Amino acid sequence: MSQNKTNVHYAWWILLGLCIIVGLGKGGLNNSAGLFLTPVTKDLGVGIGSLSLYFSISAIVTIIILPIAGKLMMKYNTRLLLVIAIILQASAFALFGLMNSVWGWYVLAIPLAVGGVVITVIAGPVLINQWFKKSNGLALGILSAAGGALGAVAQPIVGNLIANQGWRASYVIVGIAIILIVVPVIFLLIRKSPKDKGLLPYGVEEAKNTGDTSANEASNKGVTMVVAKKSSAFYALVLFFFLVTSIASFSVHIPTFLMNKGFDVTFAGSVMSIYMIGVLIGALIIGFLSDKIGSKNTTLFTMIVGLVAICLLLFLASSSIIIMVAVGLFGFISSSIGTLGPALTTSLFGNKEYSQIYANASLGLAISSVVALPAYGYVFDITGSYSLVLYAIVFMLIINIGCVILAFKGKKKLEQAGFWNE
């Protein structure tokens, strides 16, 4: 392998491309979905719960596609897959603006999810795991932070678009704009693996030059998918994904939560901007801490931050300042999906069959959306409040702390059984 002749390893260009692609897919499309719920339901005369069912349909499709997507990323042309994925995701989002019935959302949820799985779930962790053997946690943190940064810009823009142009035009404008930005970035920056550039992964080459082979050895260390699926650590991780995603899913309902308290859509858009800033800062802090104190301790810290945020929303949400602080802290939980999830997978199971293990563990992420998103909507429709939802989130945060402890006990059993040495 030839060495990189510039001072900047190409892995960082890969990360830049991923930041734009994943950031717009999450911050521009997924995280702006909540801003449309109230205006769409009022215009169409349907309940929040009924419209939110399209999230469940997306989640069901995600469950089906996730294991396949992990294999496709490793087997086929990465750039072509990403182009197809962003066209499916963003085009479906744009077409929402032409729909007159909730059935339109239900049908378009299928291509939205197929594209979204590749763009927002699989692409980032898999490519970072390929390109980074050093500063992996930091790279994941930066990637998640990019979603926060782009989302912080996108949320108020989308909120103002809806207020001034209406929800129909806003869907179309956002969807088309993201396709026009993302497709060129994919072709210009993304490469499947370091081999495509005649390089070694970031960190391995440095270790090789200093005579340290540990990084190179670590790149192939870990357990197989077959062994992982038989361990308690795997199922604890799946449950963690399920709960942390269920918790973070409440972000979609934050605009409705705020408007129910008397705030307008413009304020909701501003608060969602604060939320995305929380995602940005949280991702950087979590990525840094993952490298310094390990994914286990970082996860426990993040769950405690989440408890503080939810308690503020439960008991002190009459103050707009407290709401902003709480929603900003809640951003830590959402950022943990893109940072702690992949980091925990690597810590628990290594790199040997990372993409398959991560994709299968992420089924917990998809399953949660089937239950959580519409459930939150129906609870609101029935009770007129999100209080029961917030209490349930407190319970889930506590359970997640137990999941992490259990998962690392399961890892010790795998190590003692010698599976990490295979």
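Modeller: Helix α5 (residues 102-131) gives the largest share of the lining of the largest cavity, 9 residues. Helices here are DSSP runs of H or I with at least four residues, strands are runs of E with at least two, and both are numbered from the N terminus. This is a predicted model, where local features need pLDDT of at least 70 and side-chain atom pairs count only at pLDDT 80 or more, while totals for chains, interfaces and linings use all residues. Residues are numbered from 1 along each chain as its sequence is written, and side-chain values use heavy atoms, with hydrogens and water left out.

Colleague: What counts as a cavity?

Modeller: On a 1 Å grid over the protein atoms alone, a cavity is a set of points where a 1.4 Å probe fits but cannot get out, and lining residues have an atom within 4 Å of a point.

Colleague: How many cavities of 30 Å³ or more are there?

Modeller: The count comes to 2. The largest cavity has a volume of about 900 Å³. For that value, grid points are joined across faces, edges and corners, and the volume is the space filled by probe spheres set on the points.

Colleague: Which residues are closest to the centre of the largest cavity?

Modeller: Lys26, Asn30, Asn31, Thr120 and Leu365 are the closest, out of 43 residues that line the largest cavity.

Colleague: And by class, what is in that lining?

Modeller: The lining of the largest cavity has 24 nonpolar, 18 polar and 1 charged residues. Ala, Val, Leu, Ile, Met, Phe, Trp, Tyr, Cys and Pro count as nonpolar, Asp, Glu, Lys and Arg as charged, and the others, Gly among them, as polar.

Colleague: What about the second largest cavity, what is its volume?

Modeller: The second largest cavity has a volume of about 30 Å³. Its lining consists of Ala236, Leu237, Phe240, Leu344, Leu348, Cys403, Val404, Ala407 and Phe408. The elements that give two or more residues to this lining are α11 (232-248), α15 (320-349) and α18 (387-416).

Colleague: Which element gives the most there, and how do the residues divide by class?

Modeller: α18 gives the most to the lining of the second largest cavity, with 4 residues. By class, that lining has 9 nonpolar, no polar and no charged residues.

Colleague: Back to α5. Is glycine 115 buried or exposed?

Modeller: Glycine 115 sits in helix α5 and counts as buried because its relative accessibility is 0%. Buried means under 20% relative accessible area, exposed over 50%, and partly exposed in between, with a 1.4 Å probe and protein chains only. The C-alpha atoms of glycine 115 and alanine 90 are separated by 8.2 Å, with the two residues 25 apart along the chain.

Colleague: And glycine 116, buried or exposed?

Modeller: Glycine 116 is also in helix α5, and with a relative accessible area of 7% it is buried. Its C-alpha atom is 9.8 Å from that of leucine 82, 34 residues apart along the chain.

Colleague: Now the surface. Which residues form the nonpolar patch?

Modeller: Ile277, Ile281, Ile285 and Phe301 form the patch, with about 310 Å² of accessible area together. Patches are made of residues with over 30% relative accessible area and no salt bridge; like charges are joined within 9 Å, and nonpolar side chains (Val, Leu, Ile, Met, Phe, Trp, Tyr) within 5 Å. A salt bridge is a side-chain nitrogen of Lys or Arg within 4 Å of a carboxyl oxygen of Asp or Glu. Accessible areas come from the Shrake-Rupley method with a 1.4 Å probe, and for residues only the protein chains shown count as cover.

Colleague: Which helix gives the largest share of the patch?

Modeller: Helix α13 (residues 265-293) does, with 3 residues. Isoleucine 281 lies in α13 and counts as partly exposed because its relative accessibility is 41%.

Definitions and conventions. On a 1 Å grid over the protein atoms alone, a cavity is a set of points where a 1.4 Å probe fits but cannot get out, and a pocket is an open set with protein on both sides within 12 Å along at least five of seven lines; lining residues have an atom within 4 Å of a point.
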